[in-house]
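Let's take a friendly walk through this structure. Please have the viewer open as you read.

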Amino acid sequence: MGHDRNQTRPIEAWLAAEQRSDETTADAALHDLIRMLPAPTPPAGFASRVMAAAARDGIVRPSTHRVWSGPTVRLLAWCGGGAAALVGTLVVLGPSLVRQVVGVLNISVQGFVWIVRGLEGGLDTWSLMAEIGRAVGTSLATPEVSASFFVLELVAVAALYTLHRVLSYDKGSTR
Amino acid sequence: MSDDRLVRDALAGQQDAYAGLLQRYERPVFHVIARLVRDPGVAEELAQETFLKAFRRLGTFDQRRGFLPWLLRIAHNTAVDALRRRGPQTLDIETEPGGGARVIASDDPGPDRQTEHRLEVRDLQAALARLRPEYRLALVLRFQEEHTYKQIAYVMGVSEGTAKSHVHRARVWLAHEMQTAGWSGATNRPGSRSTK
């Protein structure tokens, strides 16, 4: 935007346009003129001071949380934690669970045979159901089975809590 | 990266996204506030307050408006509230640190033209500083920050017609002030400023 001595300068063009009431030319000329003016700029370090104030007010988290702040990283962390908990549970409780399943199958077969024999021997329905109830109650009352149920409940609660956290985070990140 | 993406990331807790928004818009926010208030120190304080308010209300940002107009509206309201508390004041841009005309000539305009240009900038700055704050802001948003009338209206909380009226009145008033200072549209070169 050089200045030729024969070229009309923005201030001349603007004031001449104002005198003629030529709005369009006046607007354009004043635009050219005002663009030349220096705009006030923020002092050095302004952004750092704002970020420090935002951290102090608890608006922005401190930079130590940065590693865990990405949505993908957080999701992966939750999935990894869940998978580790599942594998750990299976490793610790796996053999016990297998034994329990085998035991349940064995009892079922024995129970079926016992029911058939009882029916052939003239046992009535109520007595039969009472015997079955007692047998099931006795098998559940062992410390091993009770502990297994307790641990399974804990795992279920942890899984539900994890799912809730993941879904809440997803909702928040897309707001 | 788009503003919407930065806002989403900031809402998800990413500090870098806040810093990105701040670095992208610190200049226009400071500019708008500094045009409204007199003291550069107060302008910095209000610009900081503007960003903290914006960060707190980030969840209410409406993407259809655009981030900058939304931010400038907060800046405008913050500055106007401060002006109401302190009483009306105008900014004397000539007293700003680092203030001075940009070098706009690519060829050598000669000493006469350089002097003329410095006088032109000085008088225009002085006239701009004497404008009513709302007129000055409308003019700056229109011609320096290059916003549309619709955006200016949103930033200032007025109708589009009022925004146009502000710019028009500011332009006419500024022309009158410049003519009073000795400038004219006549081409009595070199320069068009009559000696006072």
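## Before you start

This is a predicted model, in which local features need pLDDT of at least 70, side-chain atom pairs count only at pLDDT 80 or more, and totals for chains, interfaces and linings use all residues. Residues are numbered from 1 along each chain as its sequence is written, while chains are lettered from A and ligands numbered from 1 in the order in which they are written.

## Chain B

Chain B has 8 helices and 0 strands, giving the pattern α-α-α-α-α-α-α-α along the sequence. Helices (H or I, at least four residues) and strands (E, at least two) are DSSP runs, numbered from the N terminus.

Of its 196 residues, 39% count as buried. A residue is buried if 20 or more other C-beta atoms lie within 10 Å of its own, exposed if 12 or fewer, and partly exposed in between, with C-beta atoms placed from the backbone.

## Two loop residues with positive phi

Most residues other than glycine have a negative phi. A:Ser21, however, has a positive phi near 60 degrees. A:Ser21 sits in the loop between α1 (10–20) and α2 (23–35) of chain A, and counts as exposed because it has 9 C-beta neighbours inside 10 Å.

B:Glu146 has a positive phi of about 60 degrees and belongs to the loop between α6 (133–144) and α7 (149–156) of chain B. With 10 C-beta neighbours inside 10 Å, B:Glu146 counts as exposed.

A:Asp32 is part of helix α2 of chain A. Its 16 C-beta neighbours inside 10 Å are why A:Asp32 counts as partly exposed. A:Asp32 and A:Arg9 are 23 residues apart in sequence and 9.5 Å apart in space, C-alpha to C-alpha.
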